[in-house]
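Please look over the sequence and the structure shown here before reading on. The briefing that follows begins with the chain as a whole and then turns to single residues.

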Amino acid sequence: MQSPLPVRDGVNATRLRLPDEGPWDTAMDYMMHRWGHIDPQGIEDRFDAGEIVGEGGIPLHRGTRLEDHTFIWYYRTLPPENRLPVELNILHQDDHILVVDKPHFLPTTPGGTYIQESALVRLRNQLDLPDLIPMHRLDRMTAGILLLSTNPETRGKYQVLFEKRQVQKEYECVSAAEPAAGRPALDFPVVVRNRMTKSRSYLLAEVIEGKPNAETRIDLLRTFDGKEDGSTSSGTGRLGLYRLEPHSGKTHQLRVHMASLGLGILHDSFYPELLDKAPDDYTKPLQLLARGIRFVDPITKEPVEYRSRLQLSEVR
């Protein structure tokens with residue numbers, strides 16, 4: 001459902017579904033129930049200023065009945081954010097798509113404590129492209145190629161490519177050169193297949209019994225010595241650069257699949273073991289990079305490939 005309010009400061013208006021019934025007479029009563037403990041005066045002021053609207057952009061007022069609207073839209077009050085010390089690099093831009101190198105630590109889309117400090121909002125504001133939408137996502141801790149649509153009229157053509165898995169992605173990561181102690185040796189390339197699930201209420205993705213829905217081809221490109229003060233789960237200090245080719249797109253898939261082989265990605269605070277939450281350490285980014293993306297462009301009908309210019313910091 002399209003918002004009747006335009007993007008403001010790079011951020012979409014928030015949509016709220018009103019309940020069909022309940023102990024609230026008005027839409028404002030319900031919003032007070034949800035958020036009145038945070039900013040009751042701000043809610044009243046927004047209704048008085050006509051800044052909360054229903055379908056068609058109709059402004060609501062304090063007395064608008066709960067049953068008069070199913071969805072309402074409004075702009076959130078955005079908390080101040082410190083700018084993350086990382087930068088986006090534009091690799092390609094045309095009338096239909098934008099391709100960028102997303103750095104580690106920058107989320108793809110706004111959420112949680114990162115609103116203005118997301119790739120999407122930064123790019124919307126920087127390029128004055130309020131209709132910009134990402135065609136896929138990279139985890140906040142993953143760097144590399146990110147494809148976005150700049151044109152709503154042709155967006156669907158690119159979305160179909162992802163839905164039909166007609167986009168080939170290639171990643172690189174750094175891990176131990178050999179599996180952790182006690183794990184079997186590997187003969188690369190290997191293919192990992194399993195069934196993964198992730199709930200919104202739990203940080204980690206899980207492998208469960210059932211028909212596989214996640215597949216990754218993993219190959220060892222080369223090995224090298226780690227930093228003098230570095231070590232790996234294998235205890236050898238010897239590291240490997242791996243190529244990862246996912247044939248599905250489950251949340252944390254690559255991190256889970258590498259950990260399942262006894263090759264947890266370097267500086268991964270989730271897998272194979274969830275570490276205590278700590279402030280971001282910009283000197284130790286997760287060693288996972290979206291290296292490239294390939295597809296047949298639906299507009300030009302020509303095969304295209306975009307490659308990241310970033311390098312993983314632990315590669316020697």
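A residue is called buried when its relative accessible area is under 20%, and exposed when that value is over 50%, with partly exposed in between. By this definition, 46% of the 316 residues of the protein chain count as buried. The model is predicted, and the mean pLDDT of the protein chain is 93, with 97% of its residues reaching 70 or more. Over residues 230-236, however, the pLDDT is below 50, although this stretch has 13 contacts in the model beyond near neighbours in sequence.

**The chain as a whole**

- The protein chain has five helices and 13 strands, and its C-alpha trace spans about 70 × 45 × 40 Å along the principal axes.

- Glu 314 lies in the segment after strand E13, which covers residues 303-307, and Glu 314 counts as buried because its relative accessible area is 6%, where the cut-off is under 20%.
- Leaving aside residues up to four places away in sequence, Glu 314 touches Val 174, Phe 224, Lys 227, Leu 239, Leu 266, His 267 and Gln 287.
- Glu 314 and Cys 173 are 141 residues apart in sequence, while their C-alpha atoms are 9.6 Å apart in space.
- With His 267, one of the residues that Glu 314 touches, the side chain of Glu 314 also forms a polar contact of 2.9 Å.
- His 267 itself is found in the loop between H5 and E12, and at 29% relative accessibility His 267 counts as partly exposed.

**Asn 151**

- Asn 151 has its place in the loop between strand E6 (143-149) and helix H4 (155-163), and this residue is buried, with a relative accessible area of 16%.
- Not counting residues up to four places away in sequence, Asn 151 touches Asp 95 and His 96.
- Asn 151 and Ile 97 are 54 residues apart along the chain, and their C-alpha atoms are separated by 7.2 Å.

**Backbone geometry**

- As background for the points below, most residues other than glycine have a negative phi, and most peptide bonds are trans.
- Which peptide bond has an omega near 0°? The bond from Phe 188 to Pro 189 does, and this bond is cis; Pro 189 is found in the loop between strand E7 (168-176) and strand E8 (190-197).
- A cis peptide bond with an omega of about 5° joins Tyr 271 and Pro 272, and Pro 272 is found in the loop between helix H5 (253-260) and strand E12 (288-296).
- Phe 105 has a positive phi, near 80°, and lies in the loop between strand E4 (97-102) and helix H3 (119-127).
- Is Phe 105 buried or exposed? Phe 105 is buried, with a relative accessible area of 4%.
- His 267, described above for its polar contact with Glu 314, also has a positive phi, which is near 70°.

Terms used. Residues are numbered from 1 along each chain as its sequence is written. Side-chain values use heavy atoms; hydrogens and water are left out. Helices (H or I, at least four residues) and strands (E, at least two) are DSSP runs, numbered from the N terminus. Buried means under 20% relative accessible area, exposed over 50%, partly exposed in between (1.4 Å probe, protein chains only). Contact means heavy atoms within 4.5 Å. A polar contact is a pair of N or O atoms within 3.5 Å; within protein, one must be able to donate a hydrogen and the other to accept it, and residues adjacent in sequence count only if both atoms are side-chain atoms. pLDDT is the predictor's confidence in each residue, from 0 to 100.
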